[in-house]
Amino acid sequence: MGIFLKGERIMMLANKVAIVTGGDSGIGHAISVGLASEGAAVTINYHRDQAAAEETLRHIQQAGGKGQVLQADVSSPADIQRLVDQTVQAFGRLDVMVNNAGMETRTSLLDTTERQFDLVIGVDLKSAFFGTQMAARQMIKQGGGGHIINISSVHEDWPMPGNIAYCCAKGGVRMLTRTAGVELGPQGITVVNVGPGAVDTPIDAKTLADPAQKAKLDAAIPIGHVAEPAEIANLVAWLASDQARYGTATTYFIDGGIMQGSVGL
Ligand SMILES: NC(=O)c1ccc[n+]([C@@H]2O[C@H](COP(=O)([O-])OP(=O)(O)OC[C@H]3O[C@@H](n4cnc5c(N)ncnc54)[C@H](O)[C@@H]3O)[C@@H](O)[C@H]2O)c1
């Protein structure tokens, strides 16, 4: 990644400051490492796995990057405010907010309990709403400009029977981003969704651990394989940079082509 000028690598995010929620695992780990490798100082948020977050930070520091680890439950707006405040305390400002944390219950309409519904909406939608709001307030306070990136899913548009609360949450994130992007355009703040297809992370561990199911899924994806987290993080790093200043209030799908038609599924 990166931009080259007369053979020299220019870091896309030099002097930028970012927060990545759920930065200790899967796509969030890859995004944290990717943003730091482009020069950003990164707050790596974790919920329960401090050791994994410290490992992400070690990875960044070994490559010469900068970051910090902060615990927060992103379904709590007070926790998100603390993430923003402690990031500004540590690094002086906030330029990039990546609302990545997510979870799913894999339950159908008929089976989903109120507790499961509230949990998924809290972690996948409420977190993105208040993450967008609190990041935007900070960005405006420091003079405007910035990038807010919500990690959504192809399932913001594409029904997934048996995972309905997740689809409701990601569908909500779809309209959050469209509306917030319009509201914040005049402040120079972009708000976009990244909508991955299938990515090899712990969230899908059960399906991907079965070699037959994994091979079937790989074969169904037009590009030929389930994505590696870094393949998603590369897009996020670009969207976090000023190269991406004209895109807002929309979703960048990155799904190996599967939304346009699977191969033989
Ligand atoms: N893996 C896929 O196939 C796929 C596809 C499309 C979208 N996504 C989205 O990508 C994002 C990252 O998921 P992943 O695939 O890396 O899975 P993952 O399970 O590896 O990561 C999820 C992260 O969210 C964090 N999290 C969960 N609840 C939290 C809470 N209350 N507070 C703070 N953090 C919390 C977890 O600690 C973890 O770091 C999610 O929003 C997910 O919906 C994943």
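**Cavities, pockets and the ligand site**

Trainee: How many cavities of 30 Å³ or more does the count give?

Mentor: Rolling a probe the size of a water molecule over the atoms shows where empty space is left. Here the count comes to 1 cavity of 30 Å³ or more, where a cavity is a set of points, on a 1 Å grid over the protein atoms alone, at which a 1.4 Å probe fits but cannot get out. This is a predicted model, in which local features need pLDDT of at least 70 and side-chain atom pairs count only at pLDDT 80 or more, while totals for chains, interfaces and linings use all residues. Residues are numbered from 1 along each chain as its sequence is written, and side-chain values use heavy atoms, with hydrogens and water left out.

Trainee: How much space lies in the largest cavity, and which residues line it?

Mentor: The space is about 50 Å³, a volume being that filled by probe spheres set on grid points joined across faces, edges and corners. Lining residues have an atom within 4 Å of a point; among them are Thr21, Asn99, Asn100, Asp124, Asn150 and Lys170. By class, this lining has 5 nonpolar, 5 polar and 2 charged residues (Ala, Val, Leu, Ile, Met, Phe, Trp, Tyr, Cys and Pro are nonpolar; Asp, Glu, Lys and Arg are charged; the others, Gly among them, are polar).

Trainee: Which element gives the most to that lining?

Mentor: α4 does, with 4 residues. At least two residues each come from α4 (114-141), β7 (146-151) and α5; helices (H or I, at least four residues) and strands (E, at least two) are DSSP runs numbered from the N terminus.

Trainee: What is the volume of the largest pocket?

Mentor: A pocket is an open set with protein on both sides within 12 Å along at least five of seven lines. The largest pocket has a volume of about 1,400 Å³. Glu104, Tyr166, Thr201, Ile203 and Asp204 are the closest to its centre among the 50 residues that line it. Two or more lining residues come from each of α1, β4 (41-46), α4, α5 and α7 (211-220). The lining divides into 23 nonpolar, 17 polar and 10 charged residues.

Trainee: Where does the ligand sit?

Mentor: The ligand sits in the largest pocket, which requires more than half of its atoms to lie within 2 Å of the grid points. The shell around the ligand has 27 residues (a heavy atom within 4 Å), of which Asp24, Ser25, Asn100, Tyr166 and Thr201 come nearest. This shell holds 12 nonpolar, 11 polar and 4 charged residues, with at least two supplied by each of α1 (26-37) and α5 (164-184).

Trainee: Which backbone atoms lie 2.8 Å or 3.0 Å from a ligand atom?

Mentor: A polar contact is a pair of N or O atoms within 3.5 Å; within protein, one must be able to donate a hydrogen and the other to accept it, and residues adjacent in sequence count only if both atoms are side-chain atoms. A polar backbone atom of Ile27 is 2.8 Å from a ligand oxygen, and one of Val74 is 3.0 Å from a ligand nitrogen. The protein covers 91% of the 820 Å² of accessible area that the ligand has on its own (Shrake-Rupley method, 1.4 Å probe; for residues, only the protein chains shown count as cover).
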